[in-house]
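I opened this notebook to record what I looked up in one model.

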Amino acid sequence: VHVVLYSRVGCHLCDTARDVILAERDRTPFDFEEVDIERSETLVREYGLRIPVVVVEGVERFEYEVDPGEFASLVGG
C-alpha cells in the first residue's frame, strides 16, 4: 500500500495527520511519502486550501483530518 500526504511547513493539521499516519505505520507496514506542496505551483493550486490531503493507492481519502480507524482499515491494519 502506498500513502501520500500532501502538506506544507507550519500546518498544524498536517502535523496531526502525519502523527496518525506514522502511528499506524508502526503497526502496519506500508510505503509513505510526504510531499511539500510549496515545492510546486501546480500542487499549491491543487491542494493549497485543502491540506492536508492523504492519498491511499492513488485515491484521495482524507482532507483536513485523518480518521485513525478508517485509515487503518485502508492500509490493512
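The entries below are grouped by topic.

**Basis.** I worked from a predicted model, in which local features need pLDDT of at least 70 and side-chain atom pairs count only at pLDDT 80 or more, while totals for chains, interfaces and linings use all residues. Residues are numbered from 1 along each chain as its sequence is written, and side-chain values use heavy atoms, with hydrogens and water left out.

I first looked up the strand order, and found an open sheet of four strands in the order 2-1-3-4 with mixed pairing. Strand 2 (31-36) and strand 4 (59-63) are at the edges with a single partner strand each, so one side of each has no neighbour in the sheet. From one strand to the next, the twist averages 25°. I took helices (H or I, at least four residues) and strands (E, at least two) as DSSP runs numbered from the N terminus. Two strands count as paired if DSSP finds at least two bridges between them.

**Strand 3 and its partners.** I then followed the bridges of strand 3. Strand 1 (residues 2-7) pairs with strand 3 (residues 53-56) in the antiparallel sense, over four bridges. Tyrosine 6 is opposite valine 53, and valine 4 is opposite valine 55. Strand 3 and strand 4 also run antiparallel, joined by four bridges. Here valine 53 has glutamate 63 as its bridge partner, and valine 54 has phenylalanine 62.

I next asked which residues of strand 3 are buried on either side. I used buried for under 20% relative accessible area, exposed for over 50% and partly exposed for values in between (1.4 Å probe, protein chains only). In a regular strand the side chains alternate between the two faces of the sheet.

**Helix 1.** I checked its length before its packing. At 1.5 Å a residue, the 16 residues of helix 1 should span 22 Å, and its end C-alpha atoms are 23 Å apart, which agrees. The expected span is 1.5 Å times one less than the number of residues.

The buried residues of helix 1 are Cys14, Ala17, Val20, Ile21 and Glu24. Seen down the helix axis, they fall within an arc of 125°, so they line one face of the helix. I took the arc from the directions from the helix axis to the C-beta atoms. His12, Asp19 and Asp26 are exposed on the face turned away from the buried side.

What covers these buried residues? The cover includes strand 1, strand 2, strand 3 and helix 3 (68-75). Contact here means heavy atoms within 4.5 Å.

**Disulfide.** I searched the whole structure and found one disulfide, a term that requires a pair of cysteine sulfur atoms within 2.5 Å. The bond joins cysteine 11 to cysteine 14, with S to S at 2.4 Å. The torsion about this S-S bond is about 80°, so the disulfide is right-handed. Cysteine 11 and cysteine 14 are both buried.

**Backbone.** I looked for a cis peptide bond and noted the one from isoleucine 51 to proline 52, with omega near -5°. Proline 52 sits in the loop between helix 2 (41-47) and strand 3.

I also looked for positive phi values at residues other than glycine. Glutamate 57 has a positive phi of about 55° although it is not a glycine. Glutamate 57 belongs to the hairpin of strand 3 and strand 4, which has two residues between the strands. At 52% relative accessibility, glutamate 57 counts as exposed.

Tyrosine 64 is not a glycine either, yet has a positive phi of about 75°. Tyrosine 64 lies in the loop between strand 4 and helix 3. With a relative accessible area of 37%, tyrosine 64 is partly exposed.

Note on methods. Axes fitted to C-alpha atoms, helices over the stretch in contact; angles between N-to-C directions.
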